[in-house]
Amino acid sequence: MPRTADRCKETSTTTGTGTLTLAGAVSQYQSMATAFGSGGALIQYAIVGQTGTEWETGYGTFNGTTSLTRDTIIASSNANAVVTLSAGTKDVFATFLYNIAKGSSVGSTLAQSRGWALP
């Protein structure tokens, strides 16, 4: 299952549709390397341009140092296809994707474990 982490955010100036090169953690956030360790972690990510309207969410593989491959696009500003990133700085962060949350029974499991009634 893809992983996520709290307060994990970096920037990238990568252009095009390929692997992102990450430039390090933003102040007050942790890096992908700190959050996911060394190599091969499948993560839930978002990319958001600091200017313009480009954005993308999906599953990617973090290599343990500074690279994130964009393996599966879930949603994007390009009709839910891979975004051709333009020049400029993008925020890249770990996130909890809706498509995982919508099928989750976490709330139900918690309620039942506490003996709470469900509607």
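Buried means under 20% relative accessible area, exposed means over 50%, and partly exposed lies in between (1.4 Å probe, protein chains only).

## The model and its conventions

This is a predicted model, in which local features need pLDDT of at least 70 and side-chain atom pairs count only at pLDDT 80 or more, while totals for chains, interfaces and linings use all residues. Residues are numbered from 1 along each chain as its sequence is written, and side-chain values use heavy atoms, with hydrogens and water left out.

## Overall build

The protein has three helices and six strands. Both kinds of element are DSSP runs, numbered from the N terminus: helices are H or I with at least four residues, strands are E with at least two. Read from the N terminus, the order is β-β-α-β-β-β-β-α-α.

The protein has 119 residues, and 35% of them count as buried. A contact means heavy atoms within 4.5 Å. Among contacts in the protein with a separation of 6 or more, 57% link residues 24 or more positions apart.

The six strands form an open sheet in the order 1-6-3-4-5-2, with antiparallel pairing. Two strands pair if DSSP finds at least two bridges between them. Strand 1 (9-12) and strand 2 (20-21) are the edges, each pairing on one side only.

Strand 2 pairs with strand 5 (residues 67-76) over two bridges, in the antiparallel sense. Here Leu-20 stands opposite Leu-68 of strand 5. Strand 4 and strand 5 also run antiparallel, joined by seven bridges. Gly-58 faces Ile-73 of strand 5. The hairpin of these two strands has four residues between them, and Gly-64 takes a positive phi near 100 degrees there.

Is Thr-57 buried or exposed? Thr-57 lies in strand 4 (residues 55-62). Its relative accessibility is 16%, so Thr-57 counts as buried. Leaving aside neighbours within four places in sequence, Thr-57 is in contact with Tyr-45, Ala-46, Thr-72, Ile-73, Ile-74, Ala-75 and Leu-97.

Asp-91 belongs to strand 6. With a relative accessible area of 15%, Asp-91 is buried. Which residues does Asp-91 touch, not counting those up to four places away in sequence? They are Lys-9, Glu-10, Thr-11, Ala-46, Ile-47, Val-48 and Gln-50.

The side chains of Asp-91 and Gln-50 are joined by a polar contact of 2.9 Å. A polar contact is a pair of N or O atoms within 3.5 Å; within protein, one must be able to donate a hydrogen and the other to accept it, and residues adjacent in sequence count only if both atoms are side-chain atoms. Val-26 is 65 residues from Asp-91 along the chain, yet their C-alpha atoms are separated by 8.8 Å.

## The nonpolar core

In soluble globular proteins, nonpolar side chains tend to be buried together. A nonpolar core is a set of buried Ala, Val, Leu, Ile, Met, Phe, Trp, Tyr and Cys residues joined through side-chain atoms within 4.5 Å. The largest one here has 17 residues, and Met-32, Phe-36 and Leu-68 have the most contacts inside it. Helix 1 (32-36), strand 3 (41-49) and strand 6 each give two or more residues to this core. Strand 3 supplies the largest share, four residues.

Beyond its neighbours within four places in sequence, Phe-36 is in contact with Arg-3, Thr-4, Ala-5, Cys-8, Ala-41, Ile-43, Phe-62 and Ala-94.

## Positive phi in a loop

Most residues other than glycine have a negative phi. Ala-79 is not a glycine, but has a positive phi of about 55 degrees. Ala-79 sits in the loop between strand 5 and strand 6 (90-94). Its relative accessibility is 73%, so Ala-79 counts as exposed.

Asn-80 is found in the loop between strand 5 and strand 6. Its phi is positive, near 65 degrees. Asn-80 is partly exposed, with a relative accessible area of 45%.
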